[in-house]
Amino acid sequence: MYGLCGCCWALRPRYKRLVDNIFPEDPEDGLVKANMEKLTFFALSAPEKLDRIAAYLSERLTRELNRHRYGYVCIAMEAMEQLLLACHCQSINLLVESFLGTLRLLLENERQHLHLLATNAFVKFANIEEDTPSYHRSYDFFVSRFSEMCHTEHGDKDLQDKIRVSGIRGLQGVVRKTVDDELQVNIWEQRHMEQIVPALLVNLQQDTHCSRYTHTHTHCSRYTHTLQQVHTHTHTAAEQTEVCFRELLGRAAYGHINNAIKPVLMHLDSHSLWEGRSFAVRCFQIIMYSIQSQHSHLVIQQLLGHLDAHSRSPASVRAGIVEVLSEAAVIEATGSVGPTVLEVFNTLLRQLRQSVDYQLTGYLDPPGRQRTSSLEEKTLQDAVIKTIGSFAITLPVYQRSEVMLFIMGKIPVPGIYPALGSPNTGFEGSRMIQVMLLKSLLQVSSRYESTNLLTALPCSFLQPLLCFTLMEDPEIRLLVLCILTSLLDRHHNTERLRASVTMEVCVLELKEERCSRQDNLFIRKHAQRLYRHVFLTCKEESSGRSHYQALFTLLAVVSVELANEEVTLDLIRLTLALQELALSNQESLSVYNRCGVHALCAAFLHLLSHLGPPPPFTLLVSQVIEGRQSSAPHLLPEDVFSDSPSLPEGELQVDEASLFVQSKISEALTGSSYSAHSERLNTPYTPQITEEERLSRRQSLVDVASLQMDPPFCCEAPQRPQTEQITFETLKNAIEDSGGAEEEERRRKMKERFQTAPFEEIAAHCGARSSLLQSRLDQVFSLIVRPPPSPSGFAPPRSTPLHEMKFPDLCVY
């Protein structure tokens, strides 16, 4: 009976007859729309028949596919799509299984044009929002097949681009269909990401424009027309990939970022794309702009870990990763680095140290199998320093201060911190690390903006920084001067002040602000230390043009940012002391150094005369400069700091008319607010050297006599008298008498006395013992408490020790 129904068309089920009626006799005529409307109405009226309708449509499509009647295949797919769109609000799950099975069948076919047809249908299905969940669907096949389409290689370039774009759109559809449905397959699993992400990156490199698809196959014109409708867009593979990649990353939650980024790193490694850098940078720009801003630090962590993993890779690879880090840091939201701030800078500083070792040894590994060049490592070091500056921009002010302290703690200081260089690099390695870290510190300090110098330059940071001004290496000293200037210059006057060395002060338009209370506290606390290091820097024989220009900029910034009457007079005293230094015959300075110091004094006093002192002082400075212009141009910055300075032959001789005289300056300041501090100006400036600076000084300057005083102001310090050394035995003897058998006998008698003697006698004995103990302690204190060393080399009269002073009850110390 059932077999007869199959042979007789009138006895077939109604849904089969309705399905058969949608197919025309000639596929060129297309889908019979009237009959399709009847089939749709029947499906909506009897939704329980949807699964049978879908199964029969799938059967018809398979039959036509096996017979190579591709026109009818297109009609069957069009009918299934219309049923999906019409019935998705009620019972779409009854259609989906047959629909997805049909798509699998088309994607497994060898004809690539059917792949385009199936992909287009899947994209339409992916855009449908379902109301009812599904527990049994699987999209693993589609992820694999669409990813494979993205890698298609074909002789016809136009067709290849069409297939790749279809694969990208298919992956985009899978992401849309699964990312928000917890019951579906987890598209963020590593196995899926390792297929999707490389497929996208391969096409992201393609810049070939694809034209509209025109099929030249003449087997079926209806089939050709349908495929032309599939791709009416004009996106290239690269453009479509970027859209899909951004959508994928934009949907990534916190726990999915690592799985999405790891395949990117693997792809760049396997295809050696770090060395080109342009594609890697573009790739991570897309990533950083696409993901949610609060997740950006996860990308930074992934890149840092990848950089550590490539610590022995060629310098070009490491430089590429570092450049990507730099670009990613610029895009990153301000302050979102969060708790990984020190980890970021620690990793970058570690890369600097390793690069220095590689540069000096010439090898990346101890056996010496992988060679590297100095030029490549220098390129990497520049990239790391640039990246440190990029990260500094993203940090708030308080974190930049912490980072500066962190970097300062990493810099090796002779005599204080151990050398950071490896045993193979030795002293030169430590020196190069010092330079690299100071350059990194300059990158951070140049982006540091603070209104309070006490917090910007605490003692824990300023003291070790100033120690580097005493280093023999001229590059280190120059970097320290630039760092100090950048931290003190809060109104960004540095560029203007560099131009003022040529005496054009009137066009500078410097930005000034009244010195605050915190600034006054800072300059009172650290002024003498700062002036002393400026003075000692000018005594260095290896100082050059850039050093004197940096010293001028530093002093100018101090005068603009922190100047008051006292500071101005101290700066004048310092300038006069520098002039005496250049005139002294006892200093082993070259003619150029002496001319440079004179030019520095002239440029600074010329600038200072325009920042507040009375007109007579400005007139005096102008007269001296005019005299130098006519008789001694080699003492002015226009000549000394030029590319070809004209220096005098033999010893430098300076006329008194070309000098700044202290008595004339005092007379010029008389009658102004500066005259109240005239005694300060009449006292010559004398630099004093602290014990900390002696520790940080290089070996050639450890001699105390060479550091205590400038020779024009004092004679040689006398030999310090020998003093008794404080040892444990000294303290022990101060408390106890000499021992032996007599000590034992004394203790025995004392014990008997305490047992038998009256209380008054015991009290008197104890009082005598306390007096004896106090006298011994006074002897110890007299050995410990010594007066500080005098700048002139002579020991001042002994002052009363602090523990012996008598303070009034209301004394405020």
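**Figure 1. Contacts of phenylalanine 245.** Phenylalanine 245 touches Leu200, Leu201, Val264, Cys283, Ile286 and Ile287, leaving out residues up to four places away in sequence. Contact means heavy atoms within 4.5 Å. The model is predicted: local features need pLDDT of at least 70, side-chain atom pairs count only at pLDDT 80 or more, and totals for chains, interfaces and linings use all residues. Residues are numbered from 1 along each chain as its sequence is written, and side-chain values use heavy atoms, without hydrogens and water. Phe245 also belongs to the largest nonpolar core, which has 217 residues. Phe245, Trp274, Phe284 and Ile572 touch the most other members of that core. Such a core is a set of buried Ala, Val, Leu, Ile, Met, Phe, Trp, Tyr and Cys residues joined through side-chain atoms within 4.5 Å.

**Figure 2. Cysteine 283 in helix 14.** Helix 14 spans residues 278–290 and holds cysteine 283. Helices are DSSP runs (H or I, at least four residues), numbered from the N terminus. Cysteine 283 counts as buried because its relative accessibility is 0%. Buried means under 20% relative accessible area (1.4 Å probe, protein chains only). Beyond its neighbours within four places in sequence, cysteine 283 is in contact with Leu201, Leu204, Phe245 and Val264. Cysteine 283 and valine 264 are 19 residues apart along the chain; their C-alpha atoms are separated by 8.4 Å.

**Figure 3. Histidine 310 between two helices.** The loop between helix 15 (296–309) and helix 16 (315–331) contains histidine 310. At 14% relative accessibility, this histidine 310 is classed as buried. Its side chain makes a polar contact of 3.3 Å with the side chain of aspartate 269. Another polar contact, 2.8 Å, links the side chains of histidine 310 and serine 313. A polar contact is a pair of N or O atoms within 3.5 Å; within protein, one must be able to donate a hydrogen and the other to accept it, and residues adjacent in sequence count only if both atoms are side-chain atoms. Not counting residues up to four places away in sequence, histidine 310 touches Asp269, Val317, Arg318 and Ile321.

**Figure 4. Helix 17 against helix 19.** The axes of helix 17 (residues 341–361) and helix 19 (residues 397–410) come within 11 Å and cross at roughly 35°. Axes are lines fitted to C-alpha atoms over the stretch in contact, with angles from 0 to 180 degrees between N-to-C directions. Helix 17 contributes Val341, Leu342, Phe345, Asn346 and Leu349 to the contact; helix 19 contributes Gln399, Val403, Phe406, Ile407 and Lys410.

Conventions: Buried < 20%, exposed > 50% of the residue type's maximum accessible area, 1.4 Å probe, protein only.
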